[in-house]
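User: I would like to learn how to read this model feature by feature. Please give the general idea, then the case at hand.

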Amino acid sequence: MSNKNLIQIKQFCLYHEIENTFITELHNYGLVKIIILEEDEYLQPEQLPTVEKMIRLHYDLKINLEGIDAIANLLNKIEILQQ
């Protein structure tokens with residue numbers, strides 16, 4: 001798999017001024033998929049809106065990871081029902 005269209009997590013975290021461990025924790029909760037290529041970790045571009053929403057929930061609204069997990073599941077259910 002080419003890393004041409006992938007977003008490097010280190011650079012993403014520097015840009016958003018967050019810790020890399022936040023993305024790792026999102027991955028541990030199953031909220032994002034991390035791709036590992038050549039010792040580097042990447043996100044898929046399709047995940048960016050979701051990850052940025054989770055960053056705002058956590059850092060701006062002070063919602064913990066368990067709350068973000070619950071919110072993400074509810075939003076997914078709403079999206080499925082709307083389809």
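**Reading the model**

Analyst: Start with D60, which counts as exposed because its relative accessibility is 57%, above the cut-off of 50%. D60 belongs to helix α3. Keep in mind that this is a predicted model.

User: How far is D60 from Q47, C-alpha to C-alpha?

Analyst: Their C-alpha atoms are separated by 19 Å. Along the chain, D60 and Q47 are 13 residues apart.

User: Is R56 buried, partly exposed or exposed?

Analyst: R56 is partly exposed, at a relative accessible area of 45%. That class covers values between the 20% and 50% cut-offs. R56 also has its place in helix α3.

User: Step back to the whole chain. How many helices and strands does it have?

Analyst: The secondary structure comes to 4 helices and 3 strands. In sequence order the pattern reads β-α-α-β-β-α-α.

User: What box do the C-alpha atoms fill, and what share of residues is buried?

Analyst: The box is roughly 40 × 30 × 20 Å along the principal axes. Of the 83 residues in the chain, 29% are buried.

User: What share of the contacts joins residues at least 24 apart?

Analyst: Take the contacts between residues at least 6 apart in sequence. Of these, 59% join residues at least 24 apart.

User: Now the sheet. What holds strands together in general?

Analyst: Strands of a sheet pair through backbone hydrogen bonds, and the pairing is either parallel or antiparallel. Here the sheet is open, has 3 strands in the order β1-β3-β2, and its pairing is antiparallel.

User: Why is one side of β1 and of β2 left without a neighbour in the sheet?

Analyst: β1 (7–8) and β2 (35–37) stand at the edges, and each has a single partner strand, so one side of each lacks a neighbour in the sheet.

User: How many bridges join β2 to β3, and how many pair β1 with β3?

Analyst: β2 is joined to β3 (residues 40–43) by 3 bridges, and the two run antiparallel. Between β1 and β3 there are 2 bridges, again in the antiparallel sense.

User: Which residues of β3 stand opposite Q8, I36 and L37?

Analyst: Take them in turn. Q8 faces Y42 in β3. I36 has E41 as its bridge partner. L37 stands opposite D40.

User: What do β2 and β3 form, and what is the phi of E38?

Analyst: They form a hairpin with 2 residues between the strands. E38 sits in the turn and has a positive phi of about 50°.

User: Turn to the helices. At what angle do α3 and α4 cross?

Analyst: Helix α3 (residues 48–60) and helix α4 (residues 65–82) cross at roughly 140°, and their axes come within 11 Å. An angle over 145 degrees would count as roughly antiparallel. α3 and α4 are therefore oblique to each other. The crossing of α3 past α4 is right-handed.

User: Which residues meet where α3 and α4 touch?

Analyst: From α3 come K53, M54, L57 and H58. They meet I68, I71, A72 and L75 of α4. By class, the contact has 6 nonpolar, 1 polar and 1 charged residues.

How values were computed: Residues are numbered from 1 along each chain as its sequence is written. This is a predicted model: local features need pLDDT of at least 70, side-chain atom pairs count only at pLDDT 80 or more; totals for chains, interfaces and linings use all residues. Side-chain values use heavy atoms; hydrogens and water are left out. Two strands pair if DSSP finds at least two bridges between them. Axes are lines fitted to C-alpha atoms, for helices over the stretch in contact, and angles run from 0 to 180 degrees between N-to-C directions. Angles under 35 degrees count as roughly parallel, over 145 as roughly antiparallel, 65 to 115 as roughly perpendicular and the rest as oblique. A crossing is left-handed if the near helix is turned anticlockwise from the far one by less than a right angle, and right-handed if clockwise. Contact means heavy atoms within 4.5 Å. Ala, Val, Leu, Ile, Met, Phe, Trp, Tyr, Cys and Pro count as nonpolar, Asp, Glu, Lys and Arg as charged, and the others, Gly among them, as polar. Buried means under 20% relative accessible area, exposed over 50%, partly exposed in between (1.4 Å probe, protein chains only).
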